[in-house]
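Here is a short note for someone opening this structure for the first time. Please read the points with the model in view.

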Amino acid sequence: MEPTDAELARQALAGSQAAYQALVARYASAAVNLAARLVHDRALAEDLAQEAFVRAFARLSTFDPERRFSSWFFQVLHNVAVDFLRRKRIDTVSLDVLQADGYPGPPAARSSSPDAQAEQRSLADALAAALRRIRPEYREAIALKYQQDLGIDEIAGILGLPEGTVKTYLHRGRKELAAILSAEGWKPETGVSETP
Amino acid sequence: MTDWRRDAEMWLEREGQDDKAAEVAFGQMCAALPPVEPSPGFAARTAAAAWSARARRHRLAAAAYAAAVASVAGAAALVVAFGAPGWLLLTGARIAASALMTLLLSAATLAEVWTSMAGGGTAVARVLVMPQGVAALVTVELVGAAALYALHRLLRDDVRFRNTGPLCI
């Protein structure tokens, strides 16, 4: 049976590096993914995620096992990212640069046809570019909700904001993304029927 | 037309019409975003970095502790070996006395502030127990509530106006 996050954290506190490594492995993808949405640079995202894991380990004794480790850790990662963004105004990097840097590219397309793959890549690029243009607060809330699949209460805990504000951020962020993508021609001229 | 384009179009169509449906469609469309996976060996490197950071912290704490113990022991050894010089005792006594004075003055200032705050609170309470005071307070609150309501209406109208879409001429 897989040990729980709390058990791994307790073992890590007791001195087990392997336990902490297992805990890191469990949340590495989520952490790098979220950081990449915030800074748009794969190497930087890894650095920030690593910094967050190191900082989390230094404060592991303050982790309450009653809480979810992911929520607690994302809070640490959020603080690391905010510190970084305050220290440095970063330039954004396009997804092409990420792909040239070993970025895996979009997940397997629903349809294996080259057309569908090209369309997915095109949509992913447009969406990622639109995400870069909205406010960082909206972007982070959207990444936590739609990529990490967290609830509003958890996002509110991570960002240190009231739930109402998180809902507002999500709503406004989505509206802004819709406006950007519509302006780029993703919205059809006429209505779309749900059946193909 | 591919599934992805249809998803995107469906989401954009639903925005502004059905908020709940738009949210669901947007969630489905977000699956198009490529996941950014960490490089191989990330977990091992990170755990090792956490361990070296901890070792560094321990070393630093041990060095600070050793330095503190050494300086106290050194000072004590000097006093034992040569006796405490008069000027040292005098300076120490002066510093201690001025620190004590500062502490007492701060406490006195704090007490004064507390007394004035308590006085202010008492005055407000006296006004509030009078019927005229209560009436004045209720009036002020009613005026404030009315102003807030008016502001709320104005903002709502403003949002409604902005959501009407482009003006057709």
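1. A word on terms. Helices are DSSP runs of at least four residues, numbered from the N terminus. In that numbering, A:Asp149 sits in the loop between α7 and α8 of chain A. Keep in mind throughout that the model is predicted.

2. Stay with A:Asp149 for a moment. Its phi is positive, about 60°, although A:Asp149 is not a glycine. Is A:Asp149 buried or exposed? It counts as exposed, because it has 11 C-beta neighbours inside 10 Å and the limit for exposed is 12 or fewer.

3. With 23 C-beta neighbours inside 10 Å, however, A:His40 counts as buried. The cut-off for buried is 20 or more.

4. Now the overall make-up of chain A. The chain has nine helices and zero strands. Of its 196 residues, 39% count as buried. Take the contacts in chain A between residues at least 6 apart in sequence: 63% of them join residues at least 24 apart.

5. Chain B is also built from helices. It has five of them and zero strands. From the N terminus on, the elements run α-α-α-α-α. Buried residues make up 14% of the 169 residues in chain B.

6. On chain B, look at α1, residues 3–14. This helix has 12 residues and reaches 16 Å from its first C-alpha to its last, close to the 16 Å expected at 1.5 Å a residue. Its buried residues include B:Trp4, B:Met10, B:Trp11 and B:Leu12. Charged side chains are on that list too, among them B:Asp7, B:Glu9 and B:Glu13. What covers the buried residues of α1(B)? The cover includes α6 and α9 of chain A, together with α2 of chain B. After α1(B) comes B:Gly16, with a positive phi near 90°.

7. The pair α6(A) and α9(A) deserves a look of its own. These two helices pack at an angle of about 125°, with their axes 9 Å apart. That angle makes α6(A) oblique to α9(A). The crossing is right-handed. From α6(A), the contact uses A:Ala126, A:Ala130, A:Leu131 and A:Arg133; from α9(A), it uses A:Leu177, A:Ile180 and A:Leu181. By class there are six nonpolar, no polar and one charged residues.

8. A second pair is α7(A) with α8(A), residues 152–159. Their axes come within 10 Å and cross at roughly 140°. So α7(A) is oblique to α8(A). Here too the crossing is right-handed. Which residues meet? A:Glu140, A:Ala141, A:Leu144 and A:Lys145 in α7(A) meet A:Ile155, A:Ile158 and A:Leu159 in α8(A). This contact has five nonpolar, no polar and two charged residues.

9. Then α3(A). Why call α3(A) largely enclosed by the rest of the structure? Because 12 of its 17 residues are buried. Among them are A:Leu48, A:Phe53, A:Val54 and A:Phe57, and also A:Arg42, A:Glu46 and A:Glu51.

10. A:Thr4 is placed in the segment before α1(A). It is exposed, with 11 other C-beta atoms within 10 Å. A:Thr4 and A:Pro65 are 61 residues apart in sequence, yet 9.8 Å apart in space, C-alpha to C-alpha.

Terms used
Residues numbered from 1 in each chain as written. Chains lettered and ligands numbered in written order. Predicted model: local features only at pLDDT ≥ 70, side-chain atom pairs only at ≥ 80, totals over all residues. Expected span 1.5 Å × (residues − 1). Contact = placed C-beta atoms within 7 Å. Axes fitted to C-alpha atoms, helices over the stretch in contact; angles between N-to-C directions. Parallel < 35°, antiparallel > 145°, perpendicular 65-115°, else oblique. Left-handed = near helix turned anticlockwise from the far one by under 90°.
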